[in-house]
Amino acid sequence: WCSMPLADLLQPAIGYARDGFAVTRELALTLSAAKGLFAKYRGMAEALYVDAAPPAFGTVLRQPALADVLDGIATAGRAAFYEGPQAQRIADGVQAAGGCMTANDLASHRADVLEPLSVDYRGHTVYETPPNSQGLILLEELNIVEGYDLAAWGHLSGDAVHHMVEAKKLAFEDRQRFAGDPSRVAFEPRRLLTKEWAAERRAAIDPQRAR
C-alpha cells in the first residue's frame, strides 16, 4: 500500500519504453489484427507501430513519448498527467476523434479510495476493488468453485475447466442483474459474496451440460 516511492516504481517501465522491448507473439498478432483501429486513431499507431506498420514478432518496440510521460509523472506526480501540456494533448486527441473530453475534465478528476471487498478462499483472503470496478466477479467465482475439489480433478482437466467456466458465467450474470455505479445504483455487493449465495448459485451448475 504505497510503501515504495512512485518514482522508483516507474523506473522499469520508463526503461522499457525508452530502450524498447521485444514484441511478443501475442502482441504482434493483436496489433496486426487491429490495423484498422490504429489507422483510425493516429496517436495509437504512433505509439504502437514501427516504421508505420504493426511490428513483427521479435521486433524491438521503443516508445520515447511514453517514456517522457512516465518520467514526468515520476518527477511531478499526477499533475504531469492530469494537468498541463499532457492533459491538453489527451483532450485534443479525444476531441479530434469525435469525443468531448476537455483538459478541465482531466484536471478536475479525483480518484475514490474505497474499502476493498474480500472473501476467504481455502484459508487465503483475496481482496478486490469494489464497484464501480468488476472485482466482485472474481470473488464470487472463488466462492462458487470453493465447493469443488479442483485439485482432485487436475489442472485444466475437463471437469475443472467446465465448473470454473460455469462459475464465471453465473458471476457475470449476477453482475449484469445487480451491480452498477454505487453513485446511481442502490446495491450492496457483499450480498453476492456470502457463502450461502455461492451455494445457491453453485446448485445451478450442471456437471454434464453448459449453460
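Helices here are DSSP runs of H or I with at least four residues, and strands are runs of E with at least two, numbered from the N terminus. This is a predicted model: local features need pLDDT of at least 70, side-chain atom pairs count only at pLDDT 80 or more, and totals for chains, interfaces and linings use all residues. Residues are numbered from 1 along each chain as its sequence is written, and side-chain values use heavy atoms, with hydrogens and water left out.

**Stop 1: R201**

Select R201, in helix α12. R201 is buried, at a relative accessible area of 9%. Buried means under 20% relative accessible area, exposed over 50%, and partly exposed in between (1.4 Å probe, protein chains only). Now show its contacts, meaning heavy atoms within 4.5 Å. Not counting residues up to four places away in sequence, R201 touches E140, I144, L170, E173, D174 and R177.

**Stop 2: D206**

Move on to the segment after α12 (195–202), where D206 sits. D206 is partly exposed, with a relative accessible area of 32%.

**Stop 3: H163**

Next, pick H163 in helix α11 (residues 158–178). H163 counts as buried, at 5% relative accessibility. Leave aside its neighbours within four places in sequence, and H163 is in contact with V145, Y148, W153, I205 and P207.

**Stop 4: helix α1**

Select residues 6–19. This is α1, with 14 residues. From first C-alpha to last, α1 reaches 20 Å, close to the 20 Å expected at 1.5 Å a residue. That expected span is 1.5 Å times one less than the number of residues. Centre on P12, where α1 bends by about 35°. The bend is the angle between axes fitted to the seven residues ending at a residue and the seven starting there. After α1 comes G20, with a positive phi near 95°.

**Stop 5: α1 against α5**

Colour L10, I14 and A17, the buried residues of α1. They pack against α5 (64–76). The axes of α1 and α5 come within 8 Å and cross at roughly 170°. That makes α1 roughly antiparallel to α5. Angles under 35 degrees count as roughly parallel, over 145 as roughly antiparallel, 65 to 115 as roughly perpendicular, and the rest as oblique. Axes are lines fitted to C-alpha atoms, for helices over the stretch in contact, with angles from 0 to 180 degrees between N-to-C directions.
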